[in-house]
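These notes are meant for a colleague who is opening this entry for the first time.

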Amino acid sequence: MEFELRATGVKPEASNPLRSGVHTRGYLPHVKREGARYFVTFRLADSLPKAVLLKYQAERAERLQQFHAQRDAAVKLGTKALKPETLDQIERDYFRKLEAYLDKGEGECWLKRPELADLVADAVRFFDGERYRLDAWVIMPNHVHTVFWPMPNHTVSRIVQTWKRYTAREANKLLNRIGEGFWQPEPFDHWIRSDAEHARCCRYVTNNPAKARLCDTPEAWKWSSAWCGERVSS
């Protein structure tokens, strides 16, 4: 493995895959590191078709295969790899494609409705300082970005599941829908490896509405940690 995946001092037999290590829910792998900060994106059910996601994943898998093949060949021959591509570059390009697709505003974009955006914003902030430290967040028309640090004894998976379960139930009530999926089951989660990456993720999250031309400046977007106006919980 390229990185250590469990916190120092935790015995392998005592580790929890939802806190450290690699586990899979459905068709996306999730890497967990105990004590780390995370950049997590979850999105509406109709925002990103599975076929598009699988296409992007296949492209990433091909690049990863080439990366490892070239690295192994270079190690064997004692030379430098022909392509100076890094794992971070591959992951960054993958997520850029996903984010660009989401920012196109596909699907019903239920979160354009103020009452639904307020609902999700309130849920994301509700346990800030108790179950997690929330560093940055934004509610977009068809997806949500968060950067946070889970507090001890609270997992990323459980935190996100709580957000999604509550907001899906309440949103469907407001939409007069019964038994319909609101969120995609699979979130994107990425553990942040450095302070520089953390700062970059936070900037991306707060700048997303302006980049998507939903507002002129990050501070003008009400459903974001960058909002400069008075915030009133619904």
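1. A definition is needed before the helices are discussed: an axis here is a line fitted to C-alpha atoms, for helices over the stretch in contact, and the angle between two axes runs from 0 to 180 degrees between N-to-C directions. With that in hand, helix 1 (residues 50-77) and helix 2 (residues 87-102) have axes that come within 10 Å and cross at roughly 170 degrees. Angles over 145 degrees count as roughly antiparallel, and helix 1 and helix 2 are therefore roughly antiparallel to each other.

2. Please keep in mind throughout that this is a predicted model. Of the 234 residues in the protein chain, 44% are buried. Among contacts between residues at least 6 apart in sequence, 66% join residues that are at least 24 apart.

3. A second pair is formed by helix 3 (residues 114-126) and helix 4 (residues 156-174), whose axes come within 10 Å and cross at roughly 155 degrees. That angle makes helix 3 roughly antiparallel to helix 4, and the crossing of the two is right-handed. Helix 3 contributes Glu115, Leu116, Leu119, Val120, Ala123 and Val124 to the contact, while helix 4 contributes Trp163, Tyr166, Thr167, Glu170, Ala171 and Leu174. The contact of helix 3 with helix 4 has nine nonpolar residues, one polar residue and two charged residues.

4. The largest nonpolar core has 42 residues, and the members that touch the most others are Leu111, Ile139, Val147, Phe148, Trp163, Phe182 and Trp183. At least two residues of this core come from each of strand 3 (37-43), helix 3, strand 4 (132-139), strand 5 (143-150), helix 4, strand 6 (188-192) and helix 5 (195-211). Apart from it lies another core, of 10 residues, which include Leu48, Phe95, Leu98 and Tyr101.

5. What is Phe148 in contact with, once its neighbours within four places in sequence are left aside? Its partners are Arg37, Tyr38, Val40, Tyr132, Arg133, Leu134, Asp135, Val156, Ile159, Val160 and Trp163.

6. Two residues deserve a check of their backbone. Most residues other than glycine have a negative phi. Asn176, however, has a positive phi near 55 degrees; Asn176 is placed in the loop between helix 4 and strand 6 and counts as exposed, at 70% relative accessibility. Arg213 likewise has a positive phi, of about 65 degrees, although it is not a glycine. Arg213 lies in the segment after helix 5 and is exposed, with a relative accessible area of 77%.

7. A last point concerns Gly229, which is found in the segment after helix 5. Gly229 is partly exposed, with a relative accessible area of 30%. The C-alpha atoms of Gly229 and Glu219 are separated by 8.1 Å, the two residues being 10 residues apart along the chain.

Definitions and conventions. Residues numbered from 1 in each chain as written. Predicted model: local features only at pLDDT ≥ 70, side-chain atom pairs only at ≥ 80, totals over all residues. Heavy atoms only, no water. Helix = DSSP H or I, 4+ residues; strand = E, 2+ residues; numbered from the N terminus. Parallel < 35°, antiparallel > 145°, perpendicular 65-115°, else oblique. Left-handed = near helix turned anticlockwise from the far one by under 90°. Contact = heavy atoms within 4.5 Å. Nonpolar A, V, L, I, M, F, W, Y, C, P; charged D, E, K, R; others polar. Core = buried A, V, L, I, M, F, W, Y, C linked by side-chain atoms within 4.5 Å. Buried < 20%, exposed > 50% of the residue type's maximum accessible area, 1.4 Å probe, protein only.
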